[in-house]
Amino acid sequence: MSRFHDEVGFDGIWLDMNEASNFCDGQCYQAKHAQQLVHQQLPYVPTERSLQSGSIPLEAVHGEEGKIFELDAHSLWGTMEAKASSDWFVSK
């Protein structure tokens, strides 16, 4: 951001599209479907809409050992993007 700020001065930025998306609702390939679907095990569904519509399947796993489910990490990218941006502005 510092290099960009040197070229074009700015006082703020717009963080948009800061969560992972998928244009297949859930899994793209039938062979990749999980045996137990996470969304069927949730005690409630916020907004009562599909949590996988336009997003990565909740059963997707992250990390080398595949121990982190998308359900638990979905908002992490956006959160860390906002934190990094805030840290940059604070350091200015």
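Predicted model: local features only at pLDDT ≥ 70, side-chain atom pairs only at ≥ 80, totals over all residues.
When neighbours within four places in sequence are left aside, Glu81 is in contact with Leu15 and Asn18. Glu81 and Asn18 are 63 residues apart along the chain, yet the separation of their C-alpha atoms is 7.5 Å.

## Helix 3: extent and buried face

Helix 3 covers residues 76-91. The helix contains 16 residues and spans 22 Å from its first C-alpha to its last, close to the 22 Å expected at 1.5 Å a residue. Gly78, Ser85 and Trp88 are buried in helix 3. Viewed down the helix axis, the buried residues fall within an arc of 90 degrees, so they line one face of helix 3. These buried residues pack against helix 1, which runs over residues 2-7. Val90 and Ser91, on the other side of helix 3, are exposed.

Ser85 also belongs to helix 3. Its relative accessibility is 7%, and Ser85 therefore counts as buried, the limit being under 20%. Setting aside residues up to four places away in sequence, Ser85 touches Met1, Ile13 and Leu15.

## A nonpolar surface patch

The three residues touched by Ser85, namely Met1, Ile13 and Leu15, together form a nonpolar patch on the surface.

Ile13 is placed in the loop between helix 1 (2-7) and strand 1 (61-62). The relative accessible area of Ile13 is 38%, which makes the residue partly exposed.

## Salt bridges

How many salt bridges are counted in the model? The count comes to two. Side chains of opposite charge can pair when their charged atoms come close. In one of the pairs, the side chains of Lys83 and Asp87 meet with an N to O distance of 2.7 Å. Lys83 and Asp87 are four residues apart in helix 3, so about one helical turn separates them. Lys83 is partly exposed at 44% relative accessibility, and Asp87 is likewise partly exposed at 40%.

The side chains of Glu65 and Lys67 also meet in a salt bridge, with an N to O distance of 3.4 Å. Glu65 and Lys67 are both exposed.

## Overall architecture

The protein comprises three helices and two strands. Along the sequence, these elements follow the pattern α-β-β-α-α. Among the contacts with a separation of 6 or more, 54% join residues 24 or more positions apart.

The protein has 92 residues, of which 17% count as buried. The accessible area of the protein is about 7600 Å², and carbon and sulfur atoms supply 54% of that area.

How values were computed. Residues numbered from 1 in each chain as written. Heavy atoms only, no water. Patch = residues over 30% accessible without salt bridge, like charges linked within 9 Å, V, L, I, M, F, W, Y side chains within 5 Å. Areas by Shrake-Rupley, 256 points an atom, 1.4 Å probe, with all protein chains shown as cover. Salt bridge = Lys/Arg side-chain N within 4 Å of Asp/Glu carboxyl O. Buried < 20%, exposed > 50% of the residue type's maximum accessible area, 1.4 Å probe, protein only. Contact = heavy atoms within 4.5 Å. Expected span 1.5 Å × (residues − 1). Arc of directions from axis to C-beta.
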